[in-house]
Amino acid sequence: MLELVRAARAEGGTVFFSSHILPEVQAICDRVGIIRAGRLAAIERVDALLQRQQVHRLRLRFAQPIPPAAFALPGVTELAHGEGEVMLEVRENLAHVLRIAGDLGAIALETMPLTLEEVFLAYYGAQGGNHA
């Protein structure tokens, strides 16, 4: 089915595709509509929706272990902490996080983009209410 949608899109056609499998939606759709409580709550280009989120997910690696609370800042959530590696979700204080990483001797920085599913869940969380 996904190949049929891609073929129609390649020919300039419009396909209305309804799915709760958001990785599929992200892979084949240009625009998405978010339905909430039976009403169309938003229509956005997928790329714009992904870029609009002010969340950065970072994986930082260090040559040596780092203190457990090194990135304990407002707007920063530590997702994982291992020997010489930390994964963070940064909503604010990005410059401060990068400064701390530099001071601690970071040897690698990897950014990981959010998925459409994560953006969708964040949208509902920010808007409150039920997920119907």
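The legends below describe close-up views of a predicted model.

**View 1. The largest nonpolar core.** This core has 15 residues. Phe17, Val25, Ile28, Cys29, Val32, Leu49 and Leu116 are the members with the most contacts inside it. Two or more residues each come from helix H2 (22-28), strand E1 (31-36), helix H3 (46-52) and helix H5 (116-127). H2 gives the largest share, 3 residues. In soluble globular proteins, nonpolar side chains tend to be buried together.

**View 2. Surroundings of Phe17.** Residues up to four places away in sequence are not counted here. Phe17 touches Met1, Leu2 and Val5, and also Glu24, Val25, Ile28 and Cys29. Another core, of 14 residues, lies apart from the largest one. Its members include Phe62, Ile66, Phe71 and Val86.

**View 3. The hairpin of E1 and E2.** Strand E1 runs antiparallel to strand E2 (residues 39-45), and 6 bridges join them. One of the bridge pairs is Ile34 with Ala42 of E2. Between the strands are 2 residues, and Ala37 in this hairpin has a positive phi near 55°.

**View 4. Glu89 in strand E5.** Glu89 belongs to strand E5 (residues 85-90). Its relative accessible area is 16%, so Glu89 counts as buried, the limit being under 20%. The side chains of Glu89 and Arg91 are joined by a polar contact of 3.3 Å. Beyond its neighbours within four places in sequence, Glu89 is in contact with Val55, His56 and Arg57, as well as Gly75, Val76, Thr77 and Leu79.

Terms used
Residues are numbered from 1 along each chain as its sequence is written. This is a predicted model: local features need pLDDT of at least 70, side-chain atom pairs count only at pLDDT 80 or more; totals for chains, interfaces and linings use all residues. Side-chain values use heavy atoms; hydrogens and water are left out. A nonpolar core is a set of buried Ala, Val, Leu, Ile, Met, Phe, Trp, Tyr and Cys residues joined through side-chain atoms within 4.5 Å. Buried means under 20% relative accessible area, exposed over 50%, partly exposed in between (1.4 Å probe, protein chains only). Helices (H or I, at least four residues) and strands (E, at least two) are DSSP runs, numbered from the N terminus. Contact means heavy atoms within 4.5 Å. A polar contact is a pair of N or O atoms within 3.5 Å; within protein, one must be able to donate a hydrogen and the other to accept it, and residues adjacent in sequence count only if both atoms are side-chain atoms. Two strands pair if DSSP finds at least two bridges between them.
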